[in-house]
Every structure is written in C-alpha cells, then in structure tokens.
Amino acid sequence: MKELRSRNWFGKTDKMGFIYRSWMKNQGFPEDLFDGRPVIGICNTWSELTPCNAHLRDIAEVVKRGVYEAGGFPLEFPIMSLGETLLKPTAMLFRNLASMDAEESIRGNPIDGVVLLTGCDKTTPSTLMGASSVDLPTLVVPGGPMLNGKFRGKDIGSGTHVWRFDEERKRGELSDADYLYAESCMSRSAGHCMTMGTASTMACMVESLGLSLPGAAAIPAVDSRKKVLAHLSGRRIVEMVKEDLTLSKILTRRAFENAIKVNAAIGGSTNFIIHLTAIAGRIGVPLDLADFDRLGSQIPLLLNLMPSGKFLMEDFFYAGGLPVILNELRELLDMDAITVNGRTHRENVEGKADCYNREVIAAYEEPLIDHAGIAVLTGNLAVNGAVIKPSAATPALMQHRGKAVVFQNIEDYHRRIDDPELDIDASSVMVLQNVGPVGYPGMPEVGNMALPKKLLEQGVTDMVRISDGRMSGTAYGTVVLHVSPESAIGGALALVRNGDWIELDVAGRRLHLDVPAAELEKRRQGWKPPAVPGTDRGYVQLYHKHVLQAHEGADLDFLRGGSGSEVSRDSH
C-alpha cells in the first residue's frame with residue numbers, strides 16, 4: 001500500500017502535526033485513530049430541504065460502522081445539498097457549485113478515500129464530478145427510492161402522476177380535495193422518486209459505471225438491506241484505499257459505454273446525457289452527444305417502469321434489480337469492466353441475476369420496445385444537437401410537421417398558455433425559448449410544457465414541444481430538449497416565430513425549421529441577446545459567464561479535467 005495522503009496531516013511530528021491532531025481530539029477521538037490507518041471521508045448530502053436525502057444521516061452512521069470494522073477512521077462532512085423539489089430557480093443552476101464544494105472538501109482535507117451519500121437528482125452527479133477531479137478511491141451509496149405511492153387502490157409514481165393529476169384536474173376529472181389528498185399518497189416514505197426519474201436513473205448510472213456495490217440502485221430507502229449495503233460499503237472503501245483503486249481506474253471509456261447502453265434499456269432520463277457528459281469531462285474520457293445515439297438508440301427497452309411503463313422502483317428491486325438488466329445485456333456490454341468491489345460485472349452477476357418478474361423486467365429476446373434509448377436530433381434548428389426520449393413519446397408524433405406557437409420565456413408561457421384566444425391546435429408545435437443554461441439561467445425542467453387547458457378539455461393528450469431546457473425524468477410526452485446552441489446565445493431557436501413550419505423526424509434524426517436561410521439571416525441581424533435577471537453578482541454571475549452548452553454537459557468551462565489530490569502547503 002502506498003503512503004496515505006492523510007499522513008501529510010496526522011503523521012507530522014512538528015507544530016503542524018500538533019495542530020492537525022489536537023483540534024480533532026476535541027471530538028473525543030482516541031490517539032490510535034491517528035496511527036496511520038486510512039481516513040475515509042463520508043460526503044453527506046443530507047438536508048431537510050432535500051427531502052429525498054433527509055434519511056442520509058442514519059445511512060452515514062451505518063457506513064461509519066463498516067469503516068471502523070475494516071480498520072479505517074471515518075469522518076463525515078457536509079456539502080451543499082440540492083433539493084430538486086424546493087430549490088429555485090432550478091437545482092441544475094447549482095450542480096456545478098456543489099461539485100466545486102465536493103472537490104475542494106475532498107482535496108483540502110486529510111482524506112484517503114471517500115464515500116458519496118447521494119439521492120436527489122443533482123446530488124449524485126455533483127458529488128461524482130467533484131470526486132472525479134480529485135481522483136481518490138471513491139464509492140457511492142445511493143439513498144434509495146421511496147416506497148410505491150398508493151392512491152385509490154392503485155400505484156402512483158412520484159413526478160409522473162403529478163403531471164397526470166394536473167391534467168385530470170384541469171379537465172375536471174379530479175377534485176381539488178382528491179388532488180390534495182394524493183400528495184400524501186405519493187410521498188409516503190423516505191427516499192427519492194420511485195419512478196425512473198433522474199434520481200433513479202443516476203442510481204442506475206452509478207451501478208452500471210461500477211461505482212456502487214452490486215444491486216445498490218433499486219433497494220428502497222427504508223428496506224433494511226439498504227443499511228446492509230451501506231455497512232458493506234464502509235468496509236469496502238477501506239480496502240479500496242489499500243488497493244489504490246481510484247476513480248480513474250474504474251471510470252474508463254468502456255464504463256461510460258456500458259452506462260449509456262444500460263440507460264437505454266431501463267428507459268432512463270434524458271438528464272442522464274447532461275450529467276454523464278459532465279462526469280466524463282472531469283475524469284478526462286472523451287464523450288460526445290453522438291455517442292449516446294450510436295451506442296444507445298438501438299438498445300431494447302427491458303424495464304417496464306414509469307414514465308415509459310407501469311411499474312415502480314420497489315417492483316424493480318423485487319424483480320431482481322439492475323443485475324438482471326446487466327445480465328440480459330451481457331452480449332452488448334463490456335462485462336469485464338472493473339467495479340468498486342474489485343470484481344468485474346461478469347463476476348458480480350454470476351448466480352445473482354435471476355429475474356423474479358418478467359412483467360417488470362423483460363428478457364432481451366422479448367423486449368418491451370425493440371429500440372429505445374435516447375435519439376439525438378440535428379438540423380438547422382439544433383446545429384449542435386437536441387434530444388428526445390422515444391419510449392416516453394407518442395409514436396404518431398415522432399414524424400410531424402406543424403406550425404410553431406412561440407413562447408419567448410417561461411413567464412410568457414405561463415401568461416398565455418391558457419388564454420382561450422391563443423392560436424393553437426393539436427397539430428401545432430409548442431416552442432419555448434430562453435430556458436437553456438445561459439438563458440434561464442440554469443436550464444430548468446420546464447421543457448415538458450403543460451398543454452393548453454382548452455386542448456386538454458378536447459381530449460388532446462400530447463403535442464410536439466421543443467425547447468433549450470430540460471424535463472424531469474419522471475415526465476413524458478413528445479418533447480424535444482437540450483436544443484444547442486440555445487436561444488439566449490443566438491441559436492436558431494431564438495429566430496423561430498409564430499406560424500413558422502417545423503419538421504420533426506425522429507427516425508431520420510432531423511429537426512428542421514422550414515424558413516429560408518436568407519430570412520433567418522435577416523432575423524439574426526435584428527436579434528439581440530435577452531436580459532437575464534439575477535446574473536449580476538456571486539456564483540450566478542460566474543455561472544452565467546462560464547457555463548458550457550448542453551451538448552458539452554453544461555459544466556463550467558474552467559472545471560473540466562481535474563486538479564488531482566496533491567496539496568503541498570500547510571495552513572499555518
């Protein structure tokens with residue numbers, strides 16, 4: 001075992017060693033904890049303002065037990081927690097800030113290995129981005145999904161049913177009282193969204209990358225086996241330090257390719273693209289938007305989970321969890337990729353990948369959909385690309401030509417969408433501008449625009465919607481997202497006007513604005529960048545100036561790559 005970096009703090013015999021050890025001892029730590037054993041940082045994203053992660057203090061204590069048993073010294077530390085449901089204007093605005101918090105907390109402290117406690121959407125990619133820039137032995141413990149929601153004798157899914165209930169309420173099919181009652185029915189235990197939203201997608205991403213112990217992704221937050229996994233993770237991270245099994249040894253190009261294929265098979269969130277691309281940028285693995293289509297678009301959909309199917313994460317766990325998916329895809333994946341337990345995916349699934357419910361997890365030979373994944377579109381409306389999730393879209397709208405109904409920003413949309421005089425019908429294409437990384441700022445989950453009330457009352461359930469924003473992984477519909485370059489920096493989306501014809505051809509991977517080039521150039525000459533409020537100070541100003549576009553992962557330009565773990569200067 002190579003010399004532990006924590007010895008540069010606790011192993012000193014001079015004044016600095018005195019300082020580093022003495023102040024730590026005010027917490028009651030005995031002398032022998034500073035004897036050269038691995039120091040394990042437990043990066044905790046717990047917060048009562050992040051309800052999905054509110055149970056992570058308990059999980060941290062269980063991880064500590066495992067660390068102590070294996071001869072390590074666990075030290076828990078907090079970082080900024082990002083609650084998807086409360087944080088305004090969008091948690092995505094602060095993902096990069098939280099990653100900086102994680103990176104500097106890990107690098108600047110006497111940590112030899114780190115356990116990331118994650119859950120809600122952005123807490124997984126932000127901590128992993130930060131850890132990747134330091135590149136120590138790292139293991140992730142996902143917080144786990146909530147139990148299935150129950151309403152009127154049926155299962156309901158977090159997020160997914162919010163959109164459905166809202167539409168039913170507008171159509172007069174759901175009373176205000178029942179709408180209010182459904183709130184408690186949907187969120188009835190600790191944990192993150194139990195649909196295949198972004199949080200569940202991130203948990204599956206982590207396991208498919210090899211960064212969590214096998215089977216971690218689907219265990220419900222309140223299941224005792226979640227604590228067993230946390231306990232074992234605490235033991236394992238100590239061994240990883242001794243083996244010097246760093247992130248860069250696991251996060252290879254083949255690991256990223258595995259994750260892309262698995263995401264397709266589970267019907268994962270489109271947000272997966274943004275986050276995986278950003279992680280790859282930190283660890284130094286080349287990854288571009290075309291990879292997601294090339295590697296994932298022909299993968300069959302195997303997981304019957306909302307919003308693409310009808311079941312929920314609890315059912316996925318009982319059916320066998322992600323090891324079953326890995327086993328079904330074994331001919332398509334690099335099963336010899338190494339994982340955090342020191343074994344390969346092939347070794348991990350051996351004898352542990354039986355499927356107990358084929359209605360939940362389909363066999364590769366009999367998939368739910370032959371080709372799922374995420375389609376990448378290009379054309380004059382998205383020169384650098386846009387994305388759509390076919391498994392959540394309406395087949396009849398996957399090839400469509402319609403007239404644009406343009407909303408200049410989110411306020412314009414809210415102001416006009418339910419106006420009875422709005423010139424819109426079921427064939428129209430809804431276009432939302434200025435909700436990208438720069439334009440909002442932060443690229444919020446508003447791309448799945450709710451349909452006009454007057455069309456919902458007519459029985460319309462889906463329309464083509466296009467924006468430079470994102471949508472929740474729990475959402476559904478024929479929604480084109482992540483249009484790049486975005487409208488706020490002069491992308492073609494900024495030039496769309498009401499009545500313009502737009503063509504969507506998912507099979508042909510084409511998104512086209514049917515306006516002559518000369519006319520577009522004329523419009524461009526008259527275009528001015530929109531004013532973006534709230535970007536004149538602090539982190540938001542920094543973000544606004546340095547954020548990359550969606551196809552580059554929306555990271556900050558100066559954060560790509562890593563700085564390593566070396567810190568040579570002492571503090572006194």
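**A walk through a predicted model**

Asp291 lies in helix 13 (residues 289-296). Helices (H or I, at least four residues) and strands (E, at least two) are DSSP runs, numbered from the N terminus. This is a predicted model, in which local features need pLDDT of at least 70 and side-chain atom pairs count only at pLDDT 80 or more, while totals for chains, interfaces and linings use all residues. Residues are numbered from 1 along each chain as its sequence is written, and side-chain values use heavy atoms, with hydrogens and water left out.

Is Asp291 buried or exposed? Asp291 is buried, with a relative accessible area of 7%. Buried means under 20% relative accessible area, exposed over 50%, and partly exposed in between, with a 1.4 Å probe and protein chains only. Leaving aside residues up to four places away in sequence, Asp291 touches Arg253, Ile260, Pro286 and Gly296. Contact here means heavy atoms within 4.5 Å.

Next comes a pair of helices. Two packed helices are described by the angle between their axes and the distance between the axes. Helix 11 (residues 253-266) and helix 12 (residues 271-283) pack at an angle of about 175°, and their axes are 12 Å apart. The axes are lines fitted to C-alpha atoms, for helices over the stretch in contact, and angles run from 0 to 180 degrees between N-to-C directions. Helix 11 and helix 12 are therefore roughly antiparallel to each other. Angles under 35 degrees count as roughly parallel, over 145 as roughly antiparallel, 65 to 115 as roughly perpendicular, and the rest as oblique. On the side of helix 11, Phe256, Ala259, Ile260 and Asn263 take part in the contact; they meet Phe272, Leu276, Ile279, Ala280 and Ile283 in helix 12. By class, this contact has eight nonpolar residues, one polar residue and no charged ones. Ala, Val, Leu, Ile, Met, Phe, Trp, Tyr, Cys and Pro count as nonpolar, Asp, Glu, Lys and Arg as charged, and the others, Gly among them, as polar.

Now turn to the strands. Strands of a sheet pair through backbone hydrogen bonds, either parallel or antiparallel. In this model, two strands pair if DSSP finds at least two bridges between them. An open sheet of four strands has the order 2-1-3-4, and its pairing is parallel. Strand 2 (73-78) and strand 4 (138-142) stand at the edges, each with a single partner strand, so one side of each is left without a neighbour in the sheet. On average, neighbouring strands of this sheet are turned by 20° against each other, direction ignored. Strand 3 (residues 113-118) pairs with strand 4 in the parallel sense over five bridges, and the bridge partner of Leu116 in strand 4 is Val140. Helix 9 (residues 224-243) packs on the sheet and touches strand 1 (39-44), strand 3 and strand 4; the direction of helix 9 makes about 175° with that of strand 4.

Ala182, Cys185 and Met186 are buried. Seen down the axis of helix 7, the buried residues fall within an arc of 85°, so they line one face of the helix. The arc is that of the directions from the helix axis to the C-beta atoms. These buried residues pack against strand 5 (149-151), strand 6 (154-156) and helix 6 (160-170). The face turned away from the buried side carries the exposed residues Asp176, Ala177, Leu180, Tyr181 and Ser184.

A strand can also have two unlike faces. In a regular strand the side chains alternate between the two faces of the sheet. Strand 13 (residues 501-505) has Ile502 and Leu504 on a covered face, and Trp501, Glu503 and Asp505 on an uncovered one. Strand 13 pairs with strand 9 (residues 399-407) in the antiparallel sense over five bridges, with Gly402 opposite Ile502. Strand 13 also pairs with strand 14 (residues 510-513) in the antiparallel sense, over four bridges. Strand 13 and strand 14 form a hairpin with four residues between them, and Arg509 in the turn has a positive phi of about 55°.

Some backbone details remain. Most residues other than glycine have a negative phi, and most peptide bonds are trans. Lys88 and Pro89 are joined by a cis peptide bond with omega of about -5°; Pro89 is in the loop between strand 2 and helix 4 (95-107). Arg152, in the loop between strand 5 and strand 6, has a positive phi near 55°. Arg152 is exposed, with a relative accessible area of 54%.
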